[in-house]
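Hello,

Below is the structure I said I would hand over. My notes on what was found in it follow directly after.

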Amino acid sequence: MEGKILAGRYQIIHYVGGGMSRVYKAKDIVLDRYVAVKMMSEQLKQNQELIYRFIREAKLVGRFSHPNIVNVFDAGRDDDLYYMVMEYIEGVSLKDWIQKKKLSLREIVSIGIQICEGLDYAHKHGIIHRDIKPHNILITLDGHVKVSDFGISRFVEGGTQLTETDVVIGTVHYFSPEQASGAKLSFTSDIYSFGIMLYEMVTGEVPFKNGNSVIIAYQHIEKPLPDPRKFNPNLPKSLYQIIDKATQKKPGDRYSSAMDIALELKWTLLEIEKGQNYYQIVKSYSKKRAWTIGIGILAILLGLLITLIDG
Ligand SMILES: Nc1ncnc2c1ncn2[C@@H]1O[C@H](COP(=O)(O)OP(=O)(O)O)[C@@H](O)[C@H]1O
Ligand SMILES: [Mg+2]
């Protein structure tokens with residue numbers, strides 16, 4: 001593949017990675033810039049459903065424009081090769097980062113905010129990612145975080161049942177309970193997977209890792225998460241609470257949007273940087289304000305009542 005010029009435009013430089021597909025660094029010889037070219041694996045090219053899915057991923061993400069989602073520039077077919085052209089991310093996947101380096105709390109929270117902002121954008125466009133895991137989060141050398149690989153994502157209104165192929169593709173370690181049991185999914189399924197990723201970032205390990213896929217899927221459905229504070233005693237309370245709420249077994253008990261998590265993570269970032277719990281301060285301040293306003297309204301009503309009685 002190296003050296004090949006695809007569609008008369010993209011010169012393949014070298015292989016960079018892939019699971020279901022193969023991703024190469026390439027040079028766009030028209031615009032004279034590096035790009036990433038994603039292609040379907042040879043053995044999967046016979047599968048019509050996967051071809052359809054591949055084209056759909058390019059179409060879906062091609063319409064997106066968000067700093068925290070990998071940009072798709074182009075897609076097409078050259079002979080029997082289906083390809084998708086994306087911005088080239090010079091950096092690492094979050095999986096590599098977690099494995100090679102202990103992340104600081106500041107880094108974890110900053111990465112978390114960016115993922116949530118990207119996810120929220122996809123959700124607001126009606127898309128559930130369905131494969132949120134550290135391998136699919138790319139981080140540029142200057143710390144920008146990009147959600148990638150919408151390969152098994154789906155429109156929420158388009159029926160959300162997992163097909164057999166999806167079950168094989170998805171990584172059970174990050175499956176939401178509803179995904180593990182093959183039930184209907186909503187955006188909060190991604191929020192659960194995000195919560196598991198946050199858990200992994202703060203402890204270095206996923207919560208359920210022992211046993212085969214069936215056992216792990218069962219644990220996501222039934223078993224409470226081991227307390228992350230056991231593995232990371234320095235975990236701030238606010239971050240623990242975010243993980244806890246994001247990974248609730250019942251979808252309705254989780255955050256209802258990724259933006260809500262991003263906002264809470266921003267408070268946590270302030271807390272880490274300034275050593276104060278700003279969220280609590282603002283909450284108690286707004287409680288005090290609510291009291292003052294309540295008493296004010298009561299006084300006005302009382303005044304009106306007295307005037308009415310007098311009159
Ligand atoms: N835009 C990109 N820039 C650089 N590397 C990328 C890019 N997209 C994907 N990769 C690399 O290729 C790997 C596989 O890509 P991905 O889109 O996740 O496909 P798959 O469906 O095969 O998992 C990623 O984990 C990452 O290492
Ligand atoms: Mg992937």
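The protein chain has ten helices and eleven strands; these are DSSP runs, helices being H or I with at least four residues and strands E with at least two, numbered from the N terminus. This is a predicted model, in which local features need pLDDT of at least 70 and side-chain atom pairs count only at pLDDT 80 or more, while totals for chains, interfaces and linings use all residues. Residues are numbered from 1 along each chain as its sequence is written, and chains are lettered from A and ligands numbered from 1 in the order in which they are written.

Of the 311 residues in the protein chain, 36% count as buried. Buried is taken as 20 or more other C-beta atoms within 10 Å of the residue's own, exposed as 12 or fewer, and partly exposed as in between, with C-beta atoms placed from the backbone. Among contacts with a separation of 6 or more, 61% are between residues 24 or more positions apart; a contact means that the C-beta atoms, placed from the backbone, lie within 7 Å.

Next, the hairpins. Strands S2 and S3 pair in the antiparallel sense over six bridges, where pairing requires that DSSP finds at least two bridges between the strands. Ile12 stands opposite Ala26 in S3. Three residues lie between the two strands of this hairpin, and Gly18 there has a positive phi near 150°. S3 is also joined to S4, by eight bridges and again antiparallel, with Lys25 having Ala36 in S4 as its bridge partner. The hairpin of S3 and S4 has four residues between the strands, and Asp32 in its turn has a positive phi of about 55°.

Ser21 is in strand S3 and counts as partly exposed because it has 19 C-beta neighbours inside 10 Å. The C-alpha atoms of Ser21 and Ser41 are separated by 4.8 Å, although the two are 20 residues apart along the chain.

An open sheet of three strands has the order S7-S9-S10, with antiparallel pairing. Strands S7 (91–93) and S10 (145–147) are at the edges with a single partner strand each, so one side of each has no neighbour in the sheet. From one strand to the next the twist averages 25°; axes are lines fitted to C-alpha atoms, for helices over the stretch in contact, and angles run from 0 to 180 degrees between N-to-C directions. Helix H3 (residues 105–124) packs on the sheet and touches S9 and S10, its direction making about 35° with that of S10.

Where does ligand 1 lie? Domain 1 (5–87) and domain 2 (91–274) both give residues to the shell around ligand 1, so the ligand lies between them; the domain bounds come from an automatic or database domain assignment. There are 21 residues around ligand 1, of which Gly17, Val23, Ala36, Ile89 and Asp149 come nearest; near means a C-beta atom, placed from the backbone, within 6 Å.

Asp149 is in the loop between S10 and strand S11 (154–155). Asp149 counts as buried because it has 24 C-beta neighbours inside 10 Å. Its phi is near 60°, a positive value in a residue other than glycine. Most residues other than glycine have a negative phi.

Regards

Key
Two residues are in contact if their C-beta atoms, placed from the backbone, lie within 7 Å.
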